[in-house]
Structure formats: C-alpha cells, structure tokens
Amino acid sequence: MPVSAANALRPNDLEAYWMPFTANRAFKQSPRILASAKNMHYFTPDGRAILDGTAGLWCANAGHSRAPIVAAIQAQAAELDFAPPFQFGHPKAFALASRVAALAPADLDHVFFTNSGSEAVDTALKIALAYHNIRGQGARQRLIGRERGYHGVGFGGTAVGGMVANRKVFGNLLAGVDHLPSTYNRAEQAFTKGEPEWGAHLADELEKIVGLHDSSTIAAVIVEPMAGSTGVLPPPKGYLERLRAICDKHGILLIFDEVICGFGRLGHAFAAERYGVVPDMITFAKGVTSGAVPMGGVIVRKPIYDAFMKGPDHAVELFHGYTYSGHPLACAAGLATLDLYVEEDLFARAAKLEPVWADAVHSLKGLPNVLDIRNVGLTAAIDLAGKPDAPGKRGFEAMDHAFHAFDLLVRIAGDSLVLTPPLIVSEAQIGEIVEKTGKAIRAAA
Ligand SMILES: Cc1ncc(COP(=O)(O)O)c(C=O)c1O
C-alpha cells in the first residue's frame, strides 16, 4: 500500500495541529469542533447548532457561508485562480481597492492589499517609516503604540502591541517603541454604555513622549479606535480627536488599526467615520471578506501615496508586498461581501441595533463575578472576577460551558467574555445570546 494511502487510513488524530492562541492540551481533551456554518450558526460534527456570538473571530459580519459570497469564490476559482501581484494585475484587485477606498473618509484613497491584519499592521508601520525617509526625515523612526493594544503577531505589530502575554517571551522586538497608557480605568468607567466620559486627557500623554524623544524622531502612532482583543475598550469621548490634533502639531502619522472596527462593526464603514477623525492610514482585514477568504490591507491618504510616486516611471516605488496581495479569490469574496453590506444595509442595521444590544448586554450586571460590562456598536465585553491564583480560568470555563452546555460561541480575553455577533443578528437572537451568556457566567461561578 502506498504511504499516502496508509496515512489516509489512520484514525483522525488531534495531536499534529499546534493550534494558535489556544490551550492545546485542554482542547484536545475536550475538543470544540466546528464542522459547518450557515448565517448565524455553526454546526458541530454531530449536528448541534451553535449560535455564533462572535462572528467567528470578529470576521463574519455578513454571517456565514452566504450564497452570493460562496458563488463569487467558486466562479473566481474557475476563472482565474492566481495572478502575480508584482508587475501584473487582475481586474478585481483594482475594483476592490476602489470600493474600499470609496468607503473610507476624506482622501484615504489608496489601498495596499495584504492577507491578514498582522501583515496590514506591519505594512502600515513600514509605509510610515519609508514615507518619512523618502521626504528626508529618516530620523523619524520611533513607533508609538498603546498599552492593551493588539496589532497582530508580526514583529512590528507585537512591538507596538500592549498585551503583556503576547510580548514577554519574544525578546526585544523592535527598538524604539513607546506606548501610550491604556484608556481604560474601571473606577472611572465601569458599566458605561458606549464611549466613556472620562479619559480624553490620556491622549496628552503623547506630548510627554514627544517631550522625551522630540517629534523629529517619531514616525507614527498606531491605535485601535476601539481596542477589541483586550476586551472591548471604547475610546473615551474626545480622545481620538485629541490624539489627531497632537499628531498634526508634531508631523506624526496617525494609524487607526480597524481590523476589528471596520466594515460595520461600530455601525459605520469605519470607526474613523463614527468618530469624525481622519487618520493617515487605516488597517483593515476580517470583515472585508466576511472572513470567507483571508485578506487585509492598508488604506493610505493621498499625500502619502503621492510622496512615493516619484523617480523614473519604470522603478518600483515601494519594495514591499506579498505573493498573495490582492489574491483573486479574496478580491472576489471582498466584492461580493461589500455588495451584501450595501444590499442588506448592514452597517446601518448595526447602528440601529446598538441600543437594543447595549440594553441586553447590560442586563447581565449583577450576575456572579461580573465586574464591568462595556459595549459599542455590536460589540460587548463582560469582565469576570478571576479565580484567586488562576487568572483566565473562570473566563475559560464560561466559554467552555457556553459551547458544550448552552450551544453558544463566545470569545474570551483572559477572564473577560467578548461578544461580537454577525451584523445580521436578529433581536430575538440578541436575547438568546445574552440569556446563554448569563447561564455560562452562572455555570462558571
Ligand atoms: C486590531 C487588530 N489588528 C490586527 C489583528 C491581526 O489580524 P490577523 O489575525 O488577521 O493577523 C487583529 C486580530 O484580531 C486585530 O484585532
């Protein structure tokens, strides 16, 4: 028997797959396997319907396996499977870039495609460094992130990120990185609906960093408008405006990492629109294809793009890119997804549901161990008190109970439960998500 056939006959084994950001040993003792999905639900191999409280991983904003997206991917695979993105192009990459740029505010007019949010972040950071360099300001190399920020797992994104577990075992990362303080303060903000009143002044910390290093050494500030992965931290009212003003004053580029916030999650195409603040670059991923094919990108303001469009016409302007930048399947999925967002008016739908969602999630106040509840757009986080000497265990148990006992997918960030359903969620399903989350919180008490 050929070796491959022998392998095919081996029983399914969970060991080979080293799962990302997962407690591998716990998972392999009690797996949570998702075999198929449709609209608001996942289905287990034994046919249980699991209500998706997290849009997969903040991705499936249009819901799962939507027919027009599936059809677009199938047709594209048959028509053009791959085209080299260096020196050649295919029509849908240009079409999608135009559509994404049209969704972005002001002169955010140019789109560089990547395959993930992490690549989008590292691309944006590199563009920022290169932009200053080609304008004769090569000393501007310092990058500023924020405590509790998440910008993916590349070396750049890890360095500007502010989640300690993601950083502490990976050495020195990038040199010359500083962090703004987190905008979260439980004593001042607990159980706020939407953006907290307290905290705009924390943007002024950027002035201190400028005072320490001088603006001539600082390339860019990167923040998530709403910090998602650390447990939904909406920006304090006025904070982003203040950050923009300080960046303008000192010639520092402002990057909004909208990998989570983009494509309707906060009730608008981008958080930049919700908050009326125009950054110099926006990173995106996830919702652009509703998660159906990996894709990410950076939207860049016109003066930045124009700064690169110099020199001989035949010369490459930016020595950066990925083999799969603007992959045909991703572009086809992206175009079909953006059509669905328009046809079903999903961004406005998210905005309309926000108050219903906010009331529903805040009804969990008073359950055992609930320390804070935050929400903005169609996102929410519920902080649970950790178990003494076992940080993260209560959150893990609540997530595990939600899946095994209550047929609900929730996400955890330490001891926080995070809810971010597809934007097609019905009001009845919001009620169901919250009811099941309450049961899981009680089960983990
Ligand atoms: C704000 C933000 N930036 C970057 C990333 C990284 O994206 P990816 O996992 O696609 O690399 C994420 C992922 O959750 C994110 O939330």
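The protein chain is divided into domain 1 (3-62 + 345-443) and domain 2 (70-343), with bounds that come from an automatic or database domain assignment. The model is predicted, and local features therefore need pLDDT of at least 70, while side-chain atom pairs count only at pLDDT 80 or more and totals for chains, interfaces and linings use all residues. Residues are numbered from 1 along each chain as its sequence is written.

The C-alpha centres of the two domains, domain 1 and domain 2, lie 26 Å apart. Across the boundary, 30 residues of domain 1 are in contact with 30 residues of domain 2, two residues being in contact if their C-beta atoms, placed from the backbone, lie within 7 Å. On the side of domain 1 that touches domain 2, two or more residues are given by each of helix H3 (55-58), helix H15 (346-362), strand S11 (370-376), strand S12 (379-384) and strand S15 (416-419); helices (H or I, at least four residues) and strands (E, at least two) are DSSP runs, numbered from the N terminus. H15 provides the largest share of this side, seven residues. By class, the side of domain 1 that touches domain 2 divides into 17 nonpolar, eight polar and five charged residues, where Ala, Val, Leu, Ile, Met, Phe, Trp, Tyr, Cys and Pro count as nonpolar, Asp, Glu, Lys and Arg as charged, and the others, Gly among them, as polar.

The largest nonpolar core has 126 residues, of which Ala220, Val221, Leu243, Ile255, Ile299, Val410 and Leu417 touch the most other members. Such a core is a set of buried Ala, Val, Leu, Ile, Met, Phe, Trp, Tyr and Cys residues joined through C-beta atoms within 7 Å. Helix H14 (residues 328-343) gives the most to this core, with ten residues. Because domain 1 and domain 2 both give residues to this core, it lies between them. Leu243 touches Ala203, Leu206, Val221, Val223 and Leu254, when residues up to four places away in sequence are not counted.

Ile144, placed in strand S5 (residues 142-146), is buried, with 26 other C-beta atoms within 10 Å; a residue is buried if 20 or more other C-beta atoms lie within 10 Å of its own, exposed if 12 or fewer, and partly exposed in between, the C-beta atoms being placed from the backbone. Leaving aside residues up to four places away in sequence, Ile144 touches Asp178, His179, Leu180, Leu206, Ile209, Ile218 and Val221. Leu34, which lies in the loop between helix H2 (24-29) and S1, counts as partly exposed, with 16 C-beta neighbours inside 10 Å. Tyr42 and Thr44 are touched by Leu34, again not counting residues up to four places away in sequence.

Four strands form an open sheet of mixed pairing in the order S1-S2-S3-S13, two strands being paired if DSSP finds at least two bridges between them. The edge strands, strand S1 (36-38) and strand S13 (408-409), each pair on one side only. S1 pairs with strand S2 (residues 41-43) in the antiparallel sense over three bridges, and the bridge partner of Ser36 in S2 is Phe43.

Around the ligand there are 15 residues, the closest being Ser116, Gly117, Ser118, Gly152 and Val259, where a residue is near a molecule or strand if its C-beta atom, placed from the backbone, lies within 6 Å of it. Helix H6 (residues 117-134) gives the largest share of this shell, three residues. The shell around the ligand is made up of five nonpolar, eight polar and two charged residues.
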